[in-house]
Amino acid sequence: MTEKPNLSFWKLWNLSFGFFGVQIAYALQSSQVSRIFSTIGADPHDLSYFWILPPLMGLIVQPIVGAASDRTWNRLGRRLPYLVVGALIAIVVMCFLPNAGSLGLGVSQAIIFGLVMLMFLDTSINMAMQPFKMLVGDFVNERQKGLAYSIQSFLCNAGSVVGYIAPIVLALFLSNTAPSGEVPPTVTWSFYLGAAILLLCVIYTFAKVKEMPPHEYAAYHGIKVETQEESKKEKINMVALLIKAPKVFWTVGLVQFFCWAAFLYMWTYSTDAIASHAFGAPSIEEVTGVTVNGKPYDDKYLFNGSTMLIAEGRQALAGINVDGQTFEVGTVVVEGDTLISGGAPVYVNGIAKISPDGASLAEAGNIIVADGREIMVENSAETVSALSQVKSGDRLLLAHIAKDPDGTGSYVLEQTTELPVIADGDDISLNYKTVLNAASKEYQDAGDWNGVLLAIQAIAAVVWAVVLSQFRSRKLGYSLSLMIGAIGFASVYFINSPALLSISYALVGCAWAAILAMPFTILTNALSGNHIGTYLGLFNCTICISQIVAALCGGLLLSCFPVGANGAPQTVMMLVVSGILLAVGSLFVWNICETFGSRKA
């Protein structure tokens with residue numbers, strides 16, 4: 001087997017430069033997707049479940065891409081064709097995902113649309129990311145792999161910084177708030193910018209990287225030169241490859257399991273945790289349905305005939321009552337302040353100026369302007385909710401609805417289910433849940449600051465990667481890094497200052513540096529031959545399985561913790577769970593047995 005020559009710094013740089021663009025997309029996904037779903041109207045207990053499909057797709061796609069790239073030889077190259085396909089899909093999806101709440105869909109449909117887009121985005125990003133890891137294995141000798149993966153780690157973290165800070169930088173020029181249910185322009189344009197940079201990085205990679213022909217690759221890797229037809233005929237038995245996998249494959253994979261579960265919880269809950277814990281984002285009570293005689297009927301939308309009772313978790317307004325006389329009104333102005341508009345309470349940053357249910361509008365002697373007509377209040381004036389208008393014999397309808405896309409604010413029934421006939425004396429009560437107000441300025445500011453903190457994490461990872469390369473024992477450096485990250489996650493619980501949280505996330509960055517560099521350096525040193533791509537694809541399944549298990553357990557774990565002082569779920573506890581997971585992973589590092597090819601280290 002011919003030994004691979006040393007490569008110049010710039011050749012090593014060019015092999016991984018495209019990772020910069022891919023990582024911008026990945027950073028936007030990890031920092032903004034939960035914010036997008038929360039803004040649309042998702043329940044915090046459901047956030048982790050949205051991350052199940054992406055790794056499930058990765059579990060299927062990544063080994064196939066790895067195996068297929070091992071057998072691909074064409075004019076575009078061996079690994080690069082998969083970069084093109086993955087990157088192009090990611091670019092298209094990045095233009096659609098942040099608009100999930102702006103397409104005239106109902107909350108349920110918008111969440112489903114966003115979930116499908118997330119699935120394609122995560123799969124395509126991983127598909128575009130894989131070739132860069134494989135190119136290092138193809139081109140770089142064992143002496144330079146540490147440097148090559150350090151360069152890749154630097155570019156990865158540089159891309160992360162750009163993706164993380166994009167929303168707060170764009171907030172200097174664009175609005176950081178939007179109508180309820182819609183994503184702010186700062187987030188939307190961050191995704192557009194990331195898509196454009198990813199496209200440029202793909203073009204650069206094709207201009208600078210030329211993959212070696214089959215005979216040259218075979219000489220460097222000690223394998224038989226195969227024709228395209230022979231390569232296509234070869235059947236890859238992944239089960240057999242797993243059985244033959246070196247022990248390091250499984251021991252590093254076990255560490256990966258705990259590490260990626262920890263970071264999935266960070267990406268899922270970090271925005272909510274920071275918003276509640278450090279920014280004091282207000283909570284709101286959402287109406288989820290009604291209970292009739294002890295039986296709950298839960299949904300975000302309820303109708304009584306043609307009258308809306310509950311809309312998007314908010315109690316609807318029937319009108320106002322002035323001195324015992326009820327008026328159906330579209331607009332109510334008191335002392336120059338518009339309290340009711342369009343037949344519904346006016347909301348500011350997601351909080352109603354006045355309750356739809358029996359709230360006092362004005363004191364005696366004041367004047368109310370209702371639909372342009374002045375009404376003197378002699379005794380009392382109060383709002384009347386639609387639900388309070390339910391009489392004997394009326395039927396409640398449980399319905400899914402969608403806003404009319406023409407922007408008139410009208411609603412279209414999609415499906416309805418009749419509830420029992422309501423009779424006199426029946427016990428009717430509203431069902432509530434308390435969540436953070438994702439439309440509030442505090443929440444959206446926290447979303448931007450979360451990006452800054454993740455950028456600090458990425459910068460710290462770049463610095464720590466230099467320190468990490470100086471450790472003589474990889475296992476010591478790997479284990480220590482994860483334990484430092486565990487301390488960083490746990491410390492978030494004790495810190496209420498947005499500025500001081502930068503220390504916590506810098507410590508987390510030490511773990512991130514090790515997670516990016518160490519596993520693939522250790523694994524590729526133990527691999528040789530014709531199936532490097534297949535093994536790397538299978539190895540990525542350790543990440544996918546970890547994320548699937550973590551996503552399935554996320555909502556259940558969150559429900560085990562008591563709610564916070566504001567009544568909303570205490571998501572900061574999920575970052576403490578992340579710290580525990582990293583600490584366990586650091587202990588399993590010492591179970592790794594490094595090998596180089598067929599030789600033990």
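**View 1. Helices α4 and α7 cross in a left-handed manner.** In this predicted model, numbering starts from 1 along each chain as its sequence is written, and side-chain values use heavy atoms, with hydrogens and water left out. Local features need pLDDT of at least 70, side-chain atom pairs count only at pLDDT 80 or more, and totals for chains, interfaces and linings use all residues. Helix α4 (residues 80–96) and helix α7 (residues 185–208) have axes that come within 9 Å and cross at roughly 165°. That makes α4 roughly antiparallel to α7. Some terms: a crossing is left-handed if the near helix is turned anticlockwise from the far one by less than a right angle, and right-handed if clockwise. Axes are lines fitted to C-alpha atoms, for helices over the stretch in contact, with angles from 0 to 180 degrees between N-to-C directions. Angles under 35 degrees count as roughly parallel, over 145 as roughly antiparallel, 65 to 115 as roughly perpendicular and the rest as oblique. Helices are DSSP runs (H or I, at least four residues), numbered from the N terminus.

**View 2. Helices α13 and α17 also meet in a left-handed crossing.** Here the axes of α13 (residues 474–491) and α17 (residues 572–588) come within 7 Å, crossing at roughly 165°. The two helices are therefore roughly antiparallel to each other.

**View 3. Helices α11 and α16 form a right-handed crossing.** Packing at an angle of about 50°, α11 (residues 247–277) and α16 have axes 8 Å apart. They are therefore oblique to each other. Their contact has 15 nonpolar, seven polar and no charged residues (Ala, Val, Leu, Ile, Met, Phe, Trp, Tyr, Cys and Pro count as nonpolar, Asp, Glu, Lys and Arg as charged, and the others, Gly among them, as polar).

**View 4. Trp 10 and Trp 13 sit three residues apart in helix α1 (residues 9–16).** The structure has 20 aromatic pairs, where rings of Phe, Tyr and Trp (its six-membered ring) pair if their centres lie within 6.5 Å, and planes under 30 degrees apart count as stacked, over 60 as edge-to-face and the rest as tilted. With ring centres 5.7 Å apart and planes at 70°, Trp 10 and Trp 13 make an edge-to-face pair.

**View 5. The largest cavity is lined by 21 residues.** Nearest its centre lie Phe 19, Met 129, Lys 133, Trp 260 and Leu 516. A cavity is a set of points, on a 1 Å grid over the protein atoms alone, where a 1.4 Å probe fits but cannot get out; lining residues have an atom within 4 Å of a point. The lining has 12 nonpolar, seven polar and two charged residues.

Conventions. 1 Å grid on protein atoms, 1.4 Å probe; cavity = no way out; pocket = protein on both sides within 12 Å on 5 of 7 lines; lining within 4 Å.
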